[in-house]
Amino acid sequence: MYRTLTPLALALLCPTTQAAFLDDSKASVETRNFYFNRDFRQDGAAQSKIDEWAQGFLLRYESGFTEGTLGFGVDAIGLLGLKLDSSPDRAGSGLLQRDREAPKRAQDSYSDLGLTAKVRASKSVLKLGTLIPKLPVLMPNDSRLLPQVFEGGQLSVQEISNLGVELGRLRQVNQRDSQDYEDIGLTTGAAKQIVVRQTGSDRFDFGHVNYKWTDSLNTSYSYGGLEHFYRQHMLGLGHTWALGNGQTLKSDLRFARSLDDGGSNVDNKALGAMFTYGINGHAFGLGYQRMSGDTGFAYINGTDAYLVNFVQIGDFANKDERSWQARYDFNFASVGIPGLTFMTRYLRGDNVDLGAGRPEGREWERDMDIGYVIQSGPLKNLGVKWRNATVRSTNFGNDLDENRLIVSYTLALW
């Protein structure tokens, strides 16, 4: 019902105060040209490769607020995905929606229009409609052609200095490769050993509190509950230590406790830590992640997991899994080439519980990203990124090599 609202209808609520509503508005259009290739290397793979090419368009609009004690506004997001190349034996990249009558074939196009009504009082904003919340317990996926979006309500409160509060409830989800809204589900794949007794839920409640103690220290607590599936509590701590002479040491500590909510067997503790040393344009990171409990880590189907070792392909969040990460980043702005960045990382996981009588599971992943965004001139904001990954596993999972090439451009309309 939220998508039936229009900017005109909201503006007419306060016809004499439309100036701020219009003057503070902004709009942009983003284009994404996305090529995706994944080769499966294990024996007996059901599909030898995934290979698709698509073009996406994202139109974003954010209005200002009408004047007065209560300010009203509206946001909108228009999404369009177009098939450039695909076939039934190469489909499944997550770029394109599958055809309803022929599930192995990708549709030629898919689209969605989402509208969000918003009300501001003091420093608090209530939004109803299409939402893309970004919280530790809910990380919508935006790693393909179009973003994953939700429908529901969200209240953001900033009344106390350095304290941020988020509260909300979501009812439906539109996945990144779909134009159809559906109930919200739970990720159960890989070797998580999560068992569910129904397919989806129409209620995800969340809360988040973040406090910034100093410019270098912040802590957070988050709650997420998918009705009938799981309840989750998360604690986070981030700290940056300035060492002088352009050097920093960043610490990122995370802990999550997940329990079932009557319709699953979820029982997990997830501990993660990432330490990154930076000097000039270089950053060297070391991470550790540990799963314990009767299952792996629980998170909403299609979303990213707020874990230090959630990377391009794997989440390293299987039952009893231990994993380590070594990462290196370089920002070429430090040597006079702004807009050019490089990242590489290596992760290894072991001790995966595959069930009685089976040997432990092990896996590793290597990722590399190199990207460039033009900084000035007529092609300013044109970006090119190449993402490469290799995954190998023992006793479970897929062995694969993957490449993604993304060309994006964002144009501010006003």
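A salt bridge here is a side-chain nitrogen of Lys or Arg within 4 Å of a carboxyl oxygen of Asp or Glu.

Before moving on, some ground rules. This is a predicted model, where local features need pLDDT of at least 70 and side-chain atom pairs count only at pLDDT 80 or more, while totals for chains, interfaces and linings use all residues. Residues are numbered from 1 along each chain as its sequence is written, and side-chain values use heavy atoms, with hydrogens and water left out.

The structure holds 28 salt bridges. Pick Asp261 and Arg231 next; their closest N and O atoms are 3.7 Å apart. Asp261 sits in the loop between strand S12 (247-260) and strand S13 (267-279) and Arg231 in strand S11 (residues 230-244), so this pair ties together parts that are 30 residues apart in sequence. Helices (H or I, at least four residues) and strands (E, at least two) are DSSP runs, numbered from the N terminus. Asp261 is partly exposed at 29% relative accessible area, and Arg231 is partly exposed at 30%. The scale: buried means under 20% relative accessible area, exposed over 50%, and partly exposed in between (1.4 Å probe, protein chains only).

Now select Arg322 and Asp350, whose side chains meet in a salt bridge at 3.1 Å, N to O. This pair links Arg322 in strand S15 (residues 322-331) to Asp350 in strand S16 (residues 340-352), 28 residues apart. Arg322 counts as partly exposed at 28%, whereas Asp350 counts as buried at 18%.

Arg345 is in strand S16 and Asp367 in strand S17, 22 residues apart. Are these two side chains buried or exposed? Arg345 is buried at 9% relative accessibility, and Asp367 is buried at 0%.

DSSP must find at least two bridges between two strands for them to pair. Asp369 has Arg387 in S18 as its bridge partner. Carry on to S19, antiparallel to S18 and joined to it by ten bridges; there, Val384 has Val407 as its bridge partner. In the hairpin of S18 and S19, with five residues between the strands, look for Asn395, which takes a positive phi near 75 degrees.

Then show Ile370, Val384, Trp386, Leu405 and Val407 together: they form a nonpolar patch on the surface, with about 360 Å² of accessible area together. Strands S18 (382-394) and S19 (400-412) each supply at least two of its residues. Trp386, in strand S18, counts as partly exposed at 36% relative accessibility. Patches take residues with over 30% relative accessible area and no salt bridge, joining like charges within 9 Å and nonpolar side chains (Val, Leu, Ile, Met, Phe, Trp, Tyr) within 5 Å. Accessible areas come from the Shrake-Rupley method with a 1.4 Å probe, and for residues only the protein chains shown count as cover.

**Stop three: Ser25**

Finally, select Ser25, in the loop between helix H2 (18-23) and strand S1 (26-40). Ser25 is buried, at 10% relative accessible area. A polar atom of its side chain lies 2.7 Å from the backbone oxygen of Leu22, a residue of helix H2.

Terms used. A polar contact is a pair of N or O atoms within 3.5 Å; within protein, one must be able to donate a hydrogen and the other to accept it, and residues adjacent in sequence count only if both atoms are side-chain atoms.
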